[in-house]
Amino acid sequence: MSLEITPSLKASLGTLYCKTSLDQKGWAYVSLGDVGAKPGDNVIVFEKGVRRISVKVPAQAMHEITRLAASADKCFDYLACKVGDRHDGVIVANPLGLCWVKAGKGAFSNSQIDALEKTGLQVAVFAIRDVLAPPGKVQARLDVRTAKEWLDELDDLRDQAESDDDYL
């Protein structure tokens, strides 16, 4: 019996590696579709492996999170929170420990660039070199930066592309 490698299988493996990598690096995560908090409560339930962790989010960050999570395009894949390995009761999030996660090494979409221009949270890009490699040989990278740093890099890439066009 042969296993057919479909885009769906690749996506599922990528999701598994992303969640596992976040967990191993001390991050809890939640899909944007699962972000839910009662008004005034500001508590989001994150996943870290099989555990569920309640995190109280500062009001300013919560406003941004609920706005992006409610948007139709769900421009990022996850919201992550740095929680380490110990987590009893409700954790209070440090705004610097919250970040949006983009899974996949593709370019930022227009909606992601719009979000980068408005966000106060960090943004992480999770990329895998070869998702079909044997597990011990998978090369994954989690690159966490401020939105401004990502926008600066995008500007640098645009400038480079424009200067390359000058030589054609």
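**Helices, strands and cysteines in a predicted chain**

Buried residues make up 39% of the 168 residues in the chain of this predicted model.

Trainee: In what order do the elements of the chain run from the N terminus on?
Mentor: The chain has 4 helices and 8 strands. From the N terminus on, the order is α-β-β-β-α-β-β-β-α-β-β-α.

Trainee: Of the contacts with a separation of 6 or more, what percentage comes from residues 24 or more positions apart?
Mentor: Take the contacts in the chain with a separation of 6 or more. Residues 24 or more positions apart account for 58%.

Trainee: How many disulfides does the chain have?
Mentor: A disulfide needs two cysteine sulfur atoms within 2.5 Å. For C18 the closest cysteine sulfur, in C99, is 9.8 Å away, so that pair is too far apart for a bond. C81 is in no disulfide either, with the sulfur of C99 at 8.9 Å. The count of disulfides is 0.

Trainee: Is C81 buried or exposed, and at what relative accessible area?
Mentor: Buried means under 20% relative accessible area. C81 falls under that cut-off, so C81 is buried, at 1%.

Trainee: Which residue with a positive phi follows α1?
Mentor: Helix α1 covers residues 7–24 and reaches 26 Å from its first C-alpha to its last, close to the 26 Å expected. Its buried residues are G14, Y17, C18, S21, L22 and D23. After α1 comes a residue with a phi near 85°, and that residue is G26.

Trainee: What is the bridge partner of V55 in β5?
Mentor: β3 and β5 (residues 91–92) run parallel, with 2 bridges joining them. In β5, V55 has as its bridge partner I91.

Trainee: How far apart are the end C-alpha atoms of α2?
Mentor: Helix α2 (residues 59–70) has 12 residues. At 1.5 Å a residue they should span 16 Å. The end C-alpha atoms agree with that, at 16 Å.

Trainee: What arc do the buried residues of α2 cover around the axis?
Mentor: In α2, the buried residues are A61, M62, E64, I65, L68 and A69. They lie on the same side of α2, because they cover an arc of only 165°.

Trainee: Which exposed residues are on the face of α2 turned away from its buried side?
Mentor: The buried residues of α2 pack against β2, β4 (78–82), β6 (98–103) and α3 (110–118). The face turned away from that buried side carries the exposed A59, Q60, H63 and A70.

Trainee: Which residue stands opposite A28 in β4?
Mentor: β1 (residues 27–31) is joined to β4 by 5 bridges, and the two run antiparallel. The residue in β4 opposite A28 is C81.

Trainee: What is the bridge partner of A80 in β6?
Mentor: In β4, 4 of the 5 residues are buried. β4 pairs with β6 in the antiparallel sense, over 4 bridges. In β6, A80 has as its bridge partner C99.

Note on methods
Residues numbered from 1 in each chain as written. Predicted model: local features only at pLDDT ≥ 70, side-chain atom pairs only at ≥ 80, totals over all residues. Heavy atoms only, no water. Buried < 20%, exposed > 50% of the residue type's maximum accessible area, 1.4 Å probe, protein only. Contact = heavy atoms within 4.5 Å. Expected span 1.5 Å × (residues − 1). Pairing = 2+ DSSP bridges. Arc of directions from axis to C-beta.
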